Amino acid sequence: MTPTATDRNAAIAEFGSATNTSDVTARGRALRRVAENATLVTNEFNRAFVLMQFFGYLRRDPNTGPDTDYTGYDFWLTKLNQFNGNYVSAEMVKAFITSLEYRQRFGP
């Protein structure tokens with residue numbers, strides 16, 4: 001994710017008139033401003049959520065098993081992003097627990 005010009009300028013402004021990065025407090029404020037960016041938080045949460053689906057339901061890495069090139073992970077991440085992070089509307093959990101892979105490995 002590339003920050004917007006406004007976000008970038010706000011992080012730089014945390015240094016005020018300092019000419020270098022030796023001000024530890026200013027560095028901390030700038031880092032916090034970047035880390036708490038709403039877009040970054042949403043993107044990282046979505047990535048982690050999809051990864052958790054693979055670990056939790058399929059008990060595997062997203063690049064092992066049937067798809068060894070992250071195509072499944074990328075598909076679900078794209079779908080979750082299309083639904084603005086709403087995993088219920090994207091039917092994420094339902095899709096994982098009704099998937100053929102899940103049912104063959106863990107079903108009755």
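These legends accompany several close-up views of a predicted model.

View 1. Let's start with the helix itself: α3 runs over residues 38–58. Its 21 residues reach 29 Å from the first C-alpha to the last, close to the 30 Å expected at 1.5 Å a residue. N46, F49, V50, Q53, F54 and L58 are the buried residues to look for here. Seen down the axis of α3, the buried residues fall within an arc of 135°, so they line one face of the helix.

**View 2. Eleven residues form the largest nonpolar core.** The members are F49, V50, F54, L58, Y73, W76, L77, L80, A90, M92 and F96. Helices α3, α4 and α5 each supply at least two residues of this core.

**View 3. V50 and its contacts.** Which residues does V50 touch once its neighbours within four places in sequence are left aside? V50 is in contact with Y73, W76, L77, L80 and M92. V50 is itself a member of the largest nonpolar core, and V50 is also one of the buried residues of α3.

**View 4. F54 pairs with Y73 in a tilted arrangement.** Of the ten aromatic pairs in the structure, this one has its ring centres 6.5 Å apart and 45° between the planes. The pair links distant parts of the chain, with F54 in α3 and Y73 in α4 (residues 71–82), 19 residues apart. F54 counts as buried because its relative accessibility is 2%, under the 20% cut-off. Y73 is buried too, with a relative accessible area of 11%.

View 5. At 3% relative accessibility, F96 counts as buried.

**View 6. A cluster of rings, and a charge over one of them.** Ring pairs link F54, Y57, Y70, Y73, F75, W76, F96, Y102 and F106 into a cluster. Do look at F106: the charged end of R59 sits over its ring, 5.6 Å from the centre.

Conventions:
Residues numbered from 1 in each chain as written. Predicted model: local features only at pLDDT ≥ 70, side-chain atom pairs only at ≥ 80, totals over all residues. Heavy atoms only, no water. Phe/Tyr/Trp six-rings, centres within 6.5 Å; stacked < 30°, edge-to-face > 60°. Helix = DSSP H or I, 4+ residues; strand = E, 2+ residues; numbered from the N terminus. Buried < 20%, exposed > 50% of the residue type's maximum accessible area, 1.4 Å probe, protein only. Lys NZ or Arg CZ within 6 Å of the ring centre and 35° of its normal. Core = buried A, V, L, I, M, F, W, Y, C linked by side-chain atoms within 4.5 Å. Contact = heavy atoms within 4.5 Å. Expected span 1.5 Å × (residues − 1). Arc of directions from axis to C-beta.
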